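Colleague: I would like to go through this model with you, from its overall make-up to its side-chain pairs.

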Amino acid sequence: MAPWSVERMTALAREIAEKTKTITGHLSSKGLGRHLTMSMAWPNSPSRPRTRSQLHDVAVGPKESLRYLAWDSADSPSLQALCEFKVPQAVPLDGIISYEDLAAKVVALNDGLDIPVLNLRRLVRHAMTNRIFAEPKKGFLAHTRVSRLMLEDEALSSWVGFMTHDLWLPMANVVGAMRRWPASEESTETGVNLAYRQGAAFFDYIQQDQALAQRYSLAMQAHGGGEGYSVASVVEGYRWGRLPEDATVIDGYISFAIAEAFPSLRFIVQDTVGMRTPETIGAVLEALQPRVQLTTHNFFTPQPVVADAYFFRHIFHGYADKYCIQILQALVPALRPGAKVIINDGALPEPGTAGYIEERTMQTMDIIMQVTVNAREREPDNWRMLFERADGRFRFGGCWRPEKSRMWFIEAEWAGEV
């Protein structure tokens, strides 16, 4: 089907009607059909179509679609201003406030910073085009469901602030970084380094600023707490029960949940020394203590523990290929025939095989990994080649994505001497 055609418009319109019926049915089943309000927390819906925006693009044509796509860069300044100037905190939860009174409250919240009503009003009114705040009466502002989230959901608010404040400038510098450091795989030669004119790797850089580190931590809670990233998908999405009886698994913090579900498995939790704190790992439950051991290890150094499986979650997408290969090669001294390497990470879907939301989410994540650490998301063939480049004795077992999960499983087995 041609992407710019009457046939495509008709198909999209039909899909919108079908998914709207699904959503309204879901809301009605929750008792919200007759009493839905803008301030109400929206339930997780079984279907979240983005076909409306696709229908708009087809309707206006490729020229206007591209023009508006470039113009949408203005979304970031208005969103950044709301976070930076604490505008949601200045608007009453119920009722309305004039722009003049809003400006006075915003000035007070920002230690007397001179923010003219004109500038504040234009930023807020632009945000309204994205359904953030409403103007029910000319010259007066009120919260919407979206703006209330920026006030009431600390993790989500931190996500918005991190993306629009901390990453906006690095993203604007990613092309400049590609020109300055062509084909670099180094985490110190990125848009972050160029934007902030500093030489530290991204994760070291954010630890130098307590407020930034806290914002990043909360932002990752919002990201990891989204649909498709649950621990349950890790426990249920891999065939843990097929590992040998009393098998030993090398893992990180996910071990606790897997150990509870599979009592025949033993786990050795390996973290770097800096991560071994109560806040990041917690105490081992008494019932799990005979089967879960806490140790320290740097996965770039030779693995000292012989185990049946080595599990990595959300690790490899944070490193360029050269460093992922080093991680795999560091396992070799401990590997015995049949040992498995199990990875739970993102994977780029093959072009044309995923829905709009999944495709856009993963492609956006791929760019963000380049901006921050010169790392990448990988297609299934990329994962296979990564193991081949690390050592020819790895036997690639494939990639799969569990139902309702955004994370994939990637598996390889050590064949031993060939």
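Colleague: How many helices and strands does the chain have?

Modeller: The model is predicted, and buried residues make up 42% of its 418 residues. Among contacts between residues at least 6 apart in sequence, 63% join residues at least 24 apart. The secondary structure of the chain consists of 18 helices and ten strands.

Colleague: Which residue forms a salt bridge with Asp 166?

Modeller: The structure holds 16 salt bridges. In the one formed by Asp 166, the closest N and O atoms are 2.7 Å apart. The partner of Asp 166 is Arg 215.

Colleague: Is Asp 166 buried or exposed?

Modeller: The cut-off for buried is under 20% relative accessible area. Asp 166 has 8% relative accessibility, so Asp 166 counts as buried.

Colleague: How far apart in sequence are the parts that Glu 411 and Arg 239 tie together?

Modeller: Glu 411 forms a salt bridge with Arg 239, with 3.6 Å between the closest N and O atoms. Glu 411 lies in strand β10, whereas Arg 239 lies in the loop between α14 and β4, so the parts tied together are apart in sequence by 172 residues.

Colleague: Which ring does Arg 239 lie over?

Modeller: At 34% relative accessibility, Arg 239 counts as partly exposed. Its distance from the ring centre is 5.8 Å, and the ring is that of Tyr 238.

Colleague: In which strand does the salt-bridge partner of Glu 413 lie?

Modeller: Glu 413 meets Lys 340 in a salt bridge of 2.8 Å, N to O. Glu 413 is in strand β10 and the pair ties together parts 73 residues apart in sequence, because Lys 340 lies in strand β8.

Colleague: Which element gives the most residues to the largest nonpolar core?

Modeller: The largest nonpolar core has 26 residues, and Tyr 310, Phe 316, Leu 328 and Phe 394 have the most contacts inside it. The elements that give two or more residues to this core are β7, α16, β8, α18 and β10. The element that gives the most, with five residues, is α16.

Colleague: Why is the pair of Phe 202 and Phe 203 edge-to-face?

Modeller: A pair of aromatic rings is described by the distance of the centres and the angle of the planes. The ring centres of Phe 202 and Phe 203 are 5.1 Å apart and the planes are at 70 degrees. Edge-to-face applies to planes over 60 degrees apart, so the pair of Phe 202 and Phe 203 is edge-to-face.

Colleague: Over the ring of which residue does the charged end of Arg 378 sit?

Modeller: Arg 378 is linked with Asp 321, Arg 376 and Arg 389 in a network of salt bridges. The ring under its charged end has its centre 5.4 Å away and belongs to Trp 383. One aromatic cluster is formed by Phe 299, Phe 300, Phe 312, Phe 316, Tyr 319, Tyr 323 and, again, Trp 383.

Methods. Residues numbered from 1 in each chain as written. Predicted model: local features only at pLDDT ≥ 70, side-chain atom pairs only at ≥ 80, totals over all residues. Heavy atoms only, no water. Salt bridge = Lys/Arg side-chain N within 4 Å of Asp/Glu carboxyl O. Buried < 20%, exposed > 50% of the residue type's maximum accessible area, 1.4 Å probe, protein only. Helix = DSSP H or I, 4+ residues; strand = E, 2+ residues; numbered from the N terminus. Contact = heavy atoms within 4.5 Å. Core = buried A, V, L, I, M, F, W, Y, C linked by side-chain atoms within 4.5 Å. Phe/Tyr/Trp six-rings, centres within 6.5 Å; stacked < 30°, edge-to-face > 60°. Lys NZ or Arg CZ within 6 Å of the ring centre and 35° of its normal.
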